[in-house]
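Please look over the sequence and the structure shown below before reading on. The report that follows takes up a few selected places, one after another.

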Amino acid sequence: MKPTKPTSAIFLGVVSCLSSLVNANPTPTLKDAPSRTLETRDAPGASLQADYYWIRSVVAPFFHFYMQSVPSYATGHPIMGPNTSAGQFQVQDGQLVQLVDTDGTLLYMNVEQPADDTAKKLAVSFETEQNTFGTFSWSGDALWWSVPSIERPNNGAWLICEDDLLYINLGPYAWDTPAGCGDATIHYYNAAQADP
Ligand SMILES: *[C@@H]1O[C@H](CO)[C@@H](O)[C@H](O)[C@H]1NC(C)=O
């Protein structure tokens, strides 16, 4: 294999820098469903299990994007994506849980601690351990997260950022939105199938 010329690396760097400037607020599109590389024996699949919900965003440009792991049912940073690979969720004792096996195996949404008090958003990820930072709840059908150490202007404000990754928005809803992100509120939905 020919060694990569350093000039092409610089060129690519400039191009990706320019395109990230141009794409500061990219128009989101529903990507293909992530492959269902199951880590589980018996995944809950496309039929909603008793006591669980789909969770979806409802306002353009994220109309009916569904919360899910990538790959499906795996640990890691969730996305908002297509109905065909939507995960199933519930709030239990302040934890947002994802059902990953019909035997009742759960993953827990963990919330990143802010690096400092200028943080505008917090990453979330599904883990096998329970979350120890803050509390999830429903307000009507909207998913909220709150923690005593942070005064949020809107406990139901979320961000969907590059690659459709989901974040908690520590700022106001739809104001001073971080580059590369769009504002969303996310809501439970309990139809048997997740409609697009
Ligand atoms: C996605 O939506 C389509 C169209 O309404 C529906 O037929 C399908 O069952 C849905 N898929 C899931 C997994 O809910």
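## Contacts, a ligand site and a disulfide

Apart from its neighbours within four places in sequence, Thr-185 is in contact (heavy atoms within 4.5 Å) with Arg-56, Ser-57, Val-58, Gly-156, Trp-158 and Tyr-173. This is a predicted model, in which local features need pLDDT of at least 70 and side-chain atom pairs count only at pLDDT 80 or more, while totals for chains, interfaces and linings use all residues. Residues are numbered from 1 along each chain as its sequence is written, and side-chain values use heavy atoms, with hydrogens and water left out.

Thr-185 sits in the loop between β12 and β13 (186–189), where strands (E, at least two residues) are DSSP runs numbered from the N terminus. Its side chain is joined to that of His-187 by a polar contact of 2.8 Å; such a contact is a pair of N or O atoms within 3.5 Å, and within protein one must be able to donate a hydrogen and the other to accept it, while residues adjacent in sequence count only if both atoms are side-chain atoms.

Another loop residue is Phe-133, placed between β7 (121–127) and β8 (135–139). Phe-133 has a relative accessible area of 8% and is therefore buried, a term for values under 20% (1.4 Å probe, protein chains only). Beyond its neighbours within four places in sequence, the residues in contact with Phe-133 include Val-111, Leu-122, Trp-145 and Ile-150. Asn-110 is 23 residues from Phe-133 in sequence, and their C-alpha atoms are 7.3 Å apart.

| Residue | Protein atom | Distance |
|---|---|---|
| Asn-83 | polar side-chain atom | 2.3 Å |
| Gln-193 | side-chain N or O atom | 3.2 Å |
| Ala-194 | backbone N or O atom | 2.6 Å |

Taken alone, the ligand exposes 360 Å², of which the protein buries 62%, the areas coming from the Shrake-Rupley method with a 1.4 Å probe.

One disulfide, meaning a pair of cysteine sulfur atoms within 2.5 Å, is found in the whole structure. It joins Cys-161 to Cys-181, with 2.0 Å from S to S, and the link is right-handed, with 105° about the S-S bond. Cys-161 lies in the loop between β10 (158–160) and β11 (166–169) and Cys-181 in the loop between β11 and β12 (182–184), so the pair ties together parts that are 20 residues apart in sequence. Cys-161 and Cys-181 are both buried.

Conventions: Helix = DSSP H or I, 4+ residues; strand = E, 2+ residues; numbered from the N terminus. Buried < 20%, exposed > 50% of the residue type's maximum accessible area, 1.4 Å probe, protein only.
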